[in-house]
Protein chains: 2
Amino acid sequence: MKDLFSEIEAGLKAIEYPESPANLYDPIAYILSLGGKRLRPYLLMLVAEGYGAKRELAINPALAIEIFHNFTLVHDDIMDNAPLRRGNETVHEKWDENVAILSGDTMMVQAYQHVIKNVPAEMLHEVLEVFNTTSIKVCEGQQLDMDFEELDKVSVDSYIHMIRYKTAELLGGAMRIGAILGEASEEQKDSVYQFAIEVGLAFQLMDDLLDVYADQAKFGKQVGGDIIENKKTYLYLQLEKKISQEDNLAWDKLKVETDNNKKVEGVKALYNKYGVDVDTKSLIQAYYTKGLKTLEGLSVTDSYKSELKKFADQLQSREN
Amino acid sequence: MKDLFSEIEAGLKAIEYPESPANLYDPIAYILSLGGKRLRPYLLMLVAEGYGAKRELAINPALAIEIFHNFTLVHDDIMDNAPLRRGNETVHEKWDENVAILSGDTMMVQAYQHVIKNVPAEMLHEVLEVFNTTSIKVCEGQQLDMDFEELDKVSVDSYIHMIRYKTAELLGGAMRIGAILGEASEEQKDSVYQFAIEVGLAFQLMDDLLDVYADQAKFGKQVGGDIIENKKTYLYLQLEKKISQEDNLAWDKLKVETDNNKKVEGVKALYNKYGVDVDTKSLIQAYYTKGLKTLEGLSVTDSYKSELKKFADQLQSREN
């Protein structure tokens, strides 16, 4: 099933852009050429095929998901003031903010063009409903993420809700669309979606953990970046719940510490002392286990199941 | 058919927004509450009914067009750095730029939710194809508009192309969707679209003309605003084509004149001297006449024709 990835890459490369206006289309070709794991379109296609859909039916909705995902990156990077994306300049840095807004908007329309391409009329309402609902949730997730930066108190539940909307739901939407294209039963569609959410949440929590505990040699970003920015990750919120009054004073000082090394080491020591790394691992494990149980109930053949399990396992062993 | 307007207003008011995240949904309710002529949804519904579609079928796609139009306003206002929209603070001023980007994105998805609502499956591909193509053209038009600001030379043809994409195509898309919903013939759909483009271009050119020649007491904006900004309008480009070398030197000085009154009066005198006001009126008249001729060929009843003619006539007599 590795050829699915090359089919997705080829599909993205084959998209033709008008020559003009170059400031509208060049950034789209650029961001899509920067790579990425292409996990979302891959999983859409894997599920679609697993339920018996032809590849020709699934490829365009799969590309739609990838284009949509990249649209969110372009706009999120403006909002987050991010200079780099996948080691390259972000669109708003390489061009400017207006170009990034407008080419992002255009990508969203292109995503809609692809998500309906070759899809039979009788499936359109359902596919689009999932795509629309998912897109709105992704926007809500991004807004909540920005809101949380300004808030003093964020509950762990709100945080899980936010990462679910910002990250896991797009995986859920992609895989549900795959199941729709494969004409799976309602029950099966729900299970596929549930699997995606569970694994997606585990994936995002692993992100939080790796940011603190990754091996710098293997990690793409700066280890401790979230700590330096006082980002309210799962580990942060969990520490906030468990920390003693005394240690809290020390933590408050660390939050304004300007020596980054000292700050990262200090906060990491608190994370270790209160075992929030263990808490995070347990929660990841819990979602992973749930996901595997949900996977068992899917009525796809064993080879597809084992591909899906491989995906879930990857997040357990990933180092970046 | 005046009740169409109240139905559109009621439809917009009836849209329910989740309470949270408030920063995502409040701006949407806000921008849609600022009013506007609601011409695009009105014309979609008028055409749909003219070809026999039930109102329940047309109302949601009509709302989609209005939501989409307002989404473009929210994003365009960021790009144009505009402080005011319809006499009120723009979204990025009242909230901030990030909120304006993200609530705009959400509006685009909401437009897609409405454009398919209650539309029979067999019509979906066609409706969405028009909506997608139109949306892309609107983005291209906005990009060209921004590009033109940076260019030394813009041809009149490129300018007409730009205003067509930025403004007329959305009217064309709205009215074509109306015709699709009314199950009009291919020929009729093309004619309705053509009518919209012709009238839309006349409408936009009237904008250029009014900006210079409107009665300040009746005009919503500052008369001469385009002149003050050296905006490449149809009048500007036409003057550039016709002006003598000698007068061109005077014009170049006026372009950097800091006394706005002097600048507006000076450029206006050049417009009058070279008759670019007359040229503009002639071109408006030409598009208007074409539009009326196209209108004759529409197979809707006389009462619908006269409503459409009323719309075309309005632009001839409008003062703001």
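Trainee: What makes B:Glu183 count as partly exposed?
Mentor: A residue is buried if 20 or more other C-beta atoms, placed from the backbone, lie within 10 Å of its own, exposed if 12 or fewer, and partly exposed in between. B:Glu183 has 13 C-beta neighbours inside 10 Å, so it counts as partly exposed. The model is predicted: local features need pLDDT of at least 70 and side-chain atom pairs 80 or more, while totals for chains, interfaces and linings use all residues. Residues are numbered from 1 along each chain as written, with chains lettered from A and ligands numbered from 1 in written order.

Trainee: Why is A:Arg38 called buried?
Mentor: A:Arg38 has 21 other C-beta atoms within 10 Å, and is therefore buried. A:Arg38 also has a positive phi of about 55 degrees, although not a glycine.

Trainee: Why are α4(A) and α6(B) called roughly antiparallel?
Mentor: Angles under 35 degrees count as roughly parallel, over 145 as roughly antiparallel, 65 to 115 as roughly perpendicular and the rest as oblique. The axes of α4 (residues 55-79) of chain A and α6 (residues 97-116) of chain B cross at roughly 160 degrees and come within 9 Å. The two helices are therefore roughly antiparallel to each other.

Terms used
Axes are lines fitted to C-alpha atoms, for helices over the stretch in contact, and angles run from 0 to 180 degrees between N-to-C directions. Helices (H or I, at least four residues) and strands (E, at least two) are DSSP runs, numbered from the N terminus.
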